[in-house]
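Okay, thanks for having me, everyone. Let me put the sequence and the model up on the screen, and then I'll talk you through it.

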Amino acid sequence: MADNFDAFVENLQERIFDETREAFGEAGFQRWRHPLYRGPLEAPDAHARVTGNCGDTMEIFLKFDDLRVSDAAYRTDGCGSSTVCGSFAAEMAIGKDPDELLTITGEAILEKLGRFPEEDRHCAFLAADTLQEALNQYMLSRVKKK
């Protein structure tokens with residue numbers, strides 16, 4: 001009986017992996033399985049928290065060194081698609097200056113992914129909006145220090 005159950009679970013897991021790989025593409029599938037840049041960061045220079053229309057909440061944390069992002073992380077209470085998009089948004093931010101951060105849009109995240117489910121595309125825009133809000137908070141803090 002246990003052997004049948006184990007075989008069932010293994011088969012089910014493989015089907016889930018195959019379907020996710022098909023939906024997200026290889027890059028998205030790997031990030032879904034092994035998310036990178038998961039936060040929070042300790043003592044970030046910028047932080048934002050945004051809740052999307054879908055109800056998922058994304059947080060982005062940024063550290064700057066010489067006006068460039070030296071470290072970035074995300075946190076979400078959302079689905080696997082939010083995890084994938086938050087991870088890519090954080091990765092794309094590292095090494096960028098404020099002007100370059102402005103180019104990280106939902107479309108840019110989707111382009112980096114290559115393939116993503118139509119019904120989950122809003123997650124890329126949530127990640128990008130959260131990143132842009134973190135940048136806004138950083139820029140406001142710089143103005144206040146002057």
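I'll go from the overall layout to the rings, and then to a few backbone details.

Some ground rules, quickly. This is a predicted model, where local features need pLDDT of at least 70, side-chain atom pairs count only at pLDDT 80 or more, and totals for chains, interfaces and linings use all residues. Residues are numbered from 1 along each chain as its sequence is written, and side-chain values use heavy atoms, with hydrogens and water left out.

So, the layout. The chain has five helices and three strands, taking helices (H or I, at least four residues) and strands (E, at least two) as DSSP runs numbered from the N terminus. Going along the sequence, you read α-β-β-β-α-α-α-α. The C-alpha trace spans about 70 × 30 × 25 Å along its principal axes.

Of the 146 residues, 38% are buried; that's under 20% relative accessible area, with exposed meaning over 50% and partly exposed in between, using a 1.4 Å probe and protein chains only. If you take contacts (heavy atoms within 4.5 Å) with a separation of 6 or more, 55% of them join residues 24 or more positions apart.

Now the rings. There are five aromatic pairs in the whole structure. For the cut-offs, rings of Phe, Tyr and Trp (its six-membered ring) pair if their centres lie within 6.5 Å; planes under 30 degrees apart are stacked, over 60 edge-to-face, and the rest tilted.

One of them is Phe 17 with Phe 29: the centres are 5.6 Å apart and the planes are at 75 degrees, so we call that edge-to-face. Phe 17 is buried at 13% relative accessibility, and Phe 29 is buried too, at 3%.

Then there's Phe 64 with Tyr 138, a stacked pair at 3.6 Å centre to centre with 10 degrees between the planes. That pair links distant parts of the chain, with Phe 64 in strand 2 (residues 57-65) and Tyr 138 in helix 5 (residues 122-145), 74 residues apart. Both of those residues are buried.

Arg 21 lies over the face of Phe 29, at 4.0 Å from the ring centre. For "over a ring", NZ of Lys or CZ of Arg has to be within 6 Å of the ring centre and within 35 degrees of the ring normal. Arg 31 does this as well, with its charged end over the ring of Phe 88, 4.1 Å from the centre.

Next, Glu 107, in helix 4 (residues 106-113). Is Glu 107 buried or partly exposed? Partly exposed, at 43% relative accessibility. Setting aside neighbours within four places in sequence, Glu 107 touches Arg 121 and Phe 125.

Last, the backbone. Most residues other than glycine have a negative phi, and most peptide bonds are trans. Here, the bond from Gly 39 to Pro 40 is cis, with omega near 10 degrees, and Pro 40 sits in the loop between helix 1 (2-33) and strand 1 (46-51).

Which phi values are positive, then? Asp 66 has one near 50 degrees, and Leu 67 has one of about 65 degrees. Asp 66 is in the loop between strand 2 and strand 3 (68-76), and Leu 67 is in the loop between strand 2 and strand 3 as well. Asp 66 is exposed at 71% relative accessible area, while Leu 67 is partly exposed at 38%.
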